[in-house]
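Hi everyone, thanks for making the time. I'd like to walk you through one model this morning, so let me put it up on the screen.

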2 protein chains.
Amino acid sequence: MVFRDASGRTLEDYPRPSMAVDTAVLTYTPDAALAVVLVQATDPAGWRLPGTFLHPGETLADAVQRSLAAKAGITDLVPAQLHVFDAPGRDDRGWVLSVAHLATVPFDRLHLDGQLTRLATIDAVGSLPYDHNAIIEFAVAELRARYAASPDPEGLLPEAFTILELRQLHEAVAGAPLQRDTFRRAMLPGLVATGGLQRGQLGKPAELYRRAAGRREATTD
Amino acid sequence: MVFRDASGRTLEDYPRPSMAVDTAVLTYTPDAALAVVLVQATDPAGWRLPGTFLHPGETLADAVQRSLAAKAGITDLVPAQLHVFDAPGRDDRGWVLSVAHLATVPFDRLHLDGQLTRLATIDAVGSLPYDHNAIIEFAVAELRARYAASPDPEGLLPEAFTILELRQLHEAVAGAPLQRDTFRRAMLPGLVATGGLQRGQLGKPAELYRRAAGRREATTD
DNA sequence: CTAATAGTGTCTATCAGACACTATTAG
DNA sequence: CTAATAGTGTCTGATAGACACTATTAG
């Protein structure tokens with residue numbers, strides 16, 4: 001069926017923008033920092049967020065996966081839409097709207113190639129082209145909301161972890177220190193002890209936990 | 001500056017989708033119900049959310065304003081982006097992405113024309129074409145989040161109101177009854193007594209309030 | 001007066017913040 | 001032993017839910 005409006009024009013007669021996706025891939029580094037993946041571009045040269053133009057018939061989520069699989073060797077992502085950036089002059093190459101996305105990846109599943117890709121710590125990202133700094137702001141705010149309620153909902157830690165490791169992750173995400181005892185009591189309902197202990201450190205060995213199956217909120221019941 | 005990719009193609013050589021906006025305009029009716037504005041279309045005939053295609057150089061927010069000013073006589077909106085609906089087959093007229101929006105309007109600022117526009121109560125919207133039912137779900141969820149913390153943040157009530165009227169509005173938004181005394185105590189920090197009373201009803205006259213200037217959250221300080 | 005609604009006092013359970021205490025390890 | 005970290009007990013203040021009480025009106 002061909003659509004025609006009041007003036008008899010079909011859908012193809014209307015000017016259309018180019019549609020892009022740009023993704024903030026967030027990870028948690030071994031030195032306890034929240035970091036974002038940047039890629040090197042040539043055209044306006046410099047570091048920026050990985051992105052691509054939407055292909056015909058393709059889903060936004062698929063475009064995100066396609067743009068990241070090559071550049072960062074990441075698969076099985078669950079990208080989340082954040083916001084559409086639509087300022088008319090945001091891209092000097094033409095009329096381009098970008099749908100900003102967030103994806104989280106455990107550090108050991110990242111395979112960055114070094115020349116074309118690098119990690120930047122969240123509080124030390126430089127000035128990026130387009131509105132990519134604003135996209136990172138959006139992404140971090142979204143991640144903070146997710147981490148407020150339950151223990152490591154994105155699975156950035158390995159299978160088993162101590163509560164200290166969990167708290168350091170949550171502090172990196174929140175960008176602020178968290179109460180030691182309150183944090184423990186808030187997270188315990190969502191955790192299951194593995195029975196193992198973490199030895200070799202000074203002090204009493206810490207119990208190892210994994211996330212509870214039901215991905216519980218921090219409540220009593 | 002003309003952009004060319006590795007194959008020498010410019011931005012215009014890439015296929016592009018049509019970009020639309022669809023808006024859930026929510027209001028609060030005199031009979032204490034949350035309702036959404038629907039418009040009558042001819043092309044696939046039936047009721048649907050008001051929307052339009054994005055014009056060149058136009059902002060999404062501007063397109064929302066343009067599509068609503070005519071059809072519902074509403075101006076000075078502050079539309080909020082909700083989500084991009086991008087399923088390849090969502091529109092049988094072609095490849096159309098829609099950016100769903102939420103706008104709230106006090107009932108007495110609505111000027112619906114009757115033949116082409118009507119209100120539907122939220123829990124009695126019928127089955128709408130495309131993904132317009134999902135858009136309404138998104139919009140109501142967003143409104144609920146906003147109304148959880150502060151008194152009538154969208155200004156759906158008139159200047160002065162009683163706490164009973166405020167609670168009835170919040171119950172319509174939440175879709176569930178709220179505790180009478182708890183609600184009052186939670187909202188009072190964000191309210192200012194006007195000094196007036198609401199008379200003429202049976203029972204003790206209720207004090208009239210307006211929203212506090214600072215749009216305070218429900219806390220003590 | 002009665003019926004109805006507005007507004008408040010208060011008890012209980014829960015929870016965050018704060019702090020100190022006990023428990024268990026390395027060295 | 002000492003130093004350091006893990007884990008817990010407990011007090012305080014704030015708050016939600018529940019319930020009952022007082023206050024003030026219409027009729």
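Predicted model: local features only at pLDDT ≥ 70, side-chain atom pairs only at ≥ 80, totals over all residues.

Residues are numbered from 1 along each chain as its sequence is written, chains are lettered from A and ligands numbered from 1 in the order in which they are written, and side-chain values use heavy atoms, leaving out hydrogens and water.

Let's start with strand S6 of chain B, residues 96-104. Strands here are DSSP runs of E, at least two residues, and helices are runs of H or I, at least four, numbered from the N terminus. Nine of the nine residues in S6(B) are buried, so the strand is largely enclosed by the rest of the structure. Buried means under 20% relative accessible area, exposed over 50%, and partly exposed in between, with a 1.4 Å probe and protein chains only. In a regular strand, side chains alternate between the two faces of the sheet. Here both faces are covered: one side has B:Val96, B:Ser98, B:Ala100, B:Leu102 and B:Thr104, and the other has B:Leu97, B:Val99, B:His101 and B:Ala103.

Which strands run beside S6(B)? Strand S1 of chain B, residues 18-28, is parallel to S6(B) and joined to it by nine bridges; strands pair if DSSP finds at least two bridges between them. B:Asp22 has B:Ala100 as its bridge partner there. Strand S5 of chain B, residues 80-85, runs antiparallel to S6(B), with five bridges, and B:Phe85 stands opposite B:Ser98.

Now the interface. Chain A and chain B bury about 2,900 Å² between them, 66% of it from carbon and sulfur atoms; that is the accessible area (1.4 Å probe) that the two parts lose on being put together, summed over both. On the chain A side, the elements giving two or more residues are strand S1 (18-28), helix H1 (60-72), strand S5 (80-85) and strand S6 (96-104).

B:Arg48, in strand S3 (residues 46-48), is buried, at 10%. Beyond four places in sequence, the contacts of B:Arg48 (heavy atoms within 4.5 Å) include B:Val37, B:Pro129 and B:Tyr130.
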